[in-house]
Amino acid sequence: MSEEKKKDFIREAIDADIAEGRFDGRVHTRFPPEPNGYLHIGHAKAFGLNFQIAEDFGGKCNLRFDDTNPTKESTEFVDAIIEDIKWMGYDWEDRLFYASDYYETLFDYAMQLIDAGKAYVDDLSGDEIREYRGTLKEPGKPSPWRDRSPEENRTLFQEMRDGKHPDGSKVLRAKIDMASPNINMRDPVMYRILRAHHHRTGDAWCIYPMYDWAHGQSDSLESITHSLCSLEFEDHRPLYEWFLENLGIYAPRQIEFARLKLTNTVMSKRKLRTLVEEGVVDGWDDPRMPTLSGMRRRGYPPAAIKDFLSRMGVAKRDSVIDIAQLEFSVRENLNKNAPRVMAVLKPLKVVITNYPEDQVEHFTAINNPEDESAGTRELPFSREIYVETTDFWEDPPKKFHRLGPGREVRLKHAYYITFQEAIKNDAGEVVELRCTYDPESRGASTPDGRKVRGTIHWVSVPHAKDAEVRNYDRLFLTDAPDTEENWQESVNPDALETLQGAKVEPSLAEADPGSGYQFMRHGYYALENKPTSGDKLIFHRTVPLRDSWGKTQKKS
RNA sequence: UGGGGAGUCGUUCAAUGGUAGGACAUCGGCCUUUGACGCCGAGUAUCUAGGUUCGAAUCCUAGCUCCCCAGCCA
């Protein structure tokens, strides 16, 4: 289906490179996450693009952790990132790398620049460096240490590595141009002294490369042909090229694209981390989060996420995509793949007064009308059933095709029943319904072919299984909370609704953790994928069914 | 107002000098043993002003608006 789809500007650029014979026609990409948080759907756009392009062009894609800041990184994040990318169906084979694999090489490269008089050790403090850097309009001025000799720089830099200087006392900087209009070129810091335990190199190093110094060389070392990254690195490109050129090593082509943003959520790692740390959500994998682990738990199929991403395409313009677009892809996927089951979320007991007291019948139900191969299952039916509380209305509007005074409805797969009486408690609340059924309507249609407009779902009381159902809504009430000063005030307090007393059909007792279903007339739900205590079933609402009835109701 | 980017329906992606199109969203209608799905239909867009051209979203000029950059973060 995506065959006729227009190629994006990146693929066009790669086509052109191949046509020219650039990189000998090779295509080799990479996804370079920093292991300082969980991956979200924005990252999925980035790694999906890299892996997909490699696949489409018959090339390869590496996974490389850009682990240059040990104070923020951990193996927990490394493991989570690996799990998420695998879940999305991508494979880097044996090409799993870390920037920390290259620390030694990077150190040697730095020495090369020092020897060439293109890097120097600076004793200025952090504040001073900032002052000397100038502003967006004013050029910077050279550090007093800028003209140290290569010999002295070599000695000092070695001492930095050997731990002879305290944290923050010195840095290694590239000697480029303090007056450059591009601030990234004003003698950027290459190394800082940082006595921090690294998740892979342990305490072997007390100096760590800056991302800008590590990134381009890492791509070079891996013979990457196309370094795809987001827009904000556009003006770092000249710096990366400067490093590569002055080192005299292989240079990839960097192409920048716009990050993915979604409405009604936040996407920055800092904000996601805040939500986790302040307990606004239960963790990185809370189903309300835009993280891949959250979406997995919530029941979003990887294929639906991929479909969404391919529909969105890739461009350079800043955009915020309506989250409804994602939900569309999820619904479309689940509509084809999710088995239909009946679940009563807010149960109301119905006694079918003319149905034999101890009788149990079984009806054959189609598992998925969209997929014949999904087969059928047997549904037990008895005198007492649960129906949805909202499927009864004492004083219904005209177009309410459900239970109410004098109304007959179809019980999906079973019988027609007609409302007779509502039993109320002392508070006047309806606690039970009395109905009669038409034995002629077995299988939910009658010989006389009469029309019954309403069809409702139900669960047999003695066969029902208990379940907890968690209904999710948008995490934020506003379109772009990311741009708001007090963004946390836009958190949707009703983003989670927990229903404790749900009753579901017995077949669900055998459901696999993480598997998805359509609760008919409600939405798509996924069984909790984490170990739970007790035998209660916990379902997460993946996405509700579209509801034109609810929509028209709201209008009136 | 230094440098780097970007402006096309409500949203997003296309149209690469030749009829501005798709998807989502919205609004109608049909269908229905899920008020789902499906089907049919509708409306709404080229940032502005000039210029080149038979013809401009596309090329030129001048503006305007938005995003990114002054971490020893990535």
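Student: Why is the crossing of H4 and H7 called right-handed?

Tutor: A crossing is left-handed if the near helix is turned anticlockwise from the far one by less than a right angle, and right-handed if clockwise, so the crossing of H4 and H7, being right-handed, belongs to the clockwise case. This is a predicted model, in which local features need pLDDT of at least 70 and side-chain atom pairs count only at pLDDT 80 or more, whereas totals for chains, interfaces and linings use all residues. Residues are numbered from 1 along each chain as its sequence is written, chains are lettered from A and ligands numbered from 1 in the order in which they are written, and side-chain values use heavy atoms, with hydrogens and water left out.

Student: What angle do H4 and H7 make, and how far apart are their axes?

Tutor: Helix H4 (residues 103-115) and helix H7 (residues 211-221) pack at about 110°, and their axes are 11 Å apart. That makes H4 roughly perpendicular to H7, because angles of 65 to 115 degrees count as roughly perpendicular, those under 35 as roughly parallel, those over 145 as roughly antiparallel and the rest as oblique. The axes are lines fitted to C-alpha atoms, for helices over the stretch in contact, and the angles run from 0 to 180 degrees between N-to-C directions; helices (H or I, at least four residues) and strands (E, at least two) are DSSP runs, numbered from the N terminus.

Student: Which residues of H4 and H7 meet?

Tutor: From H4 come Thr-105, Leu-106, Tyr-109, Ala-110 and Leu-113, and from H7 come Trp-213, Ala-214, Gln-217 and Leu-221, where contact means heavy atoms within 4.5 Å. By class, this contact has 7 nonpolar, 2 polar and no charged residues.

Student: Why is H1 called oblique to H2?

Tutor: Helix H1 (residues 9-20) and helix H2 (residues 41-56) have axes 12 Å apart and pack at an angle of about 40°. That angle makes H1 oblique to H2. The contact joins Ile-10, Arg-11 and Ile-14 of H1 to Leu-49, Gln-52, Ile-53 and Asp-56 of H2, a set that divides into 4 nonpolar, 1 polar and 2 charged residues. The crossing of H1 and H2 is right-handed.

Student: What makes H11 oblique to H12?

Tutor: Their axes cross at roughly 135° and come within 8 Å. That makes H11 oblique to H12, and the crossing of H11 and H12 is right-handed. The residues that meet include Phe-308 and Met-312 in H11 and Leu-326 and Val-330 in H12.

Note on methods. Nonpolar A, V, L, I, M, F, W, Y, C, P; charged D, E, K, R; others polar.
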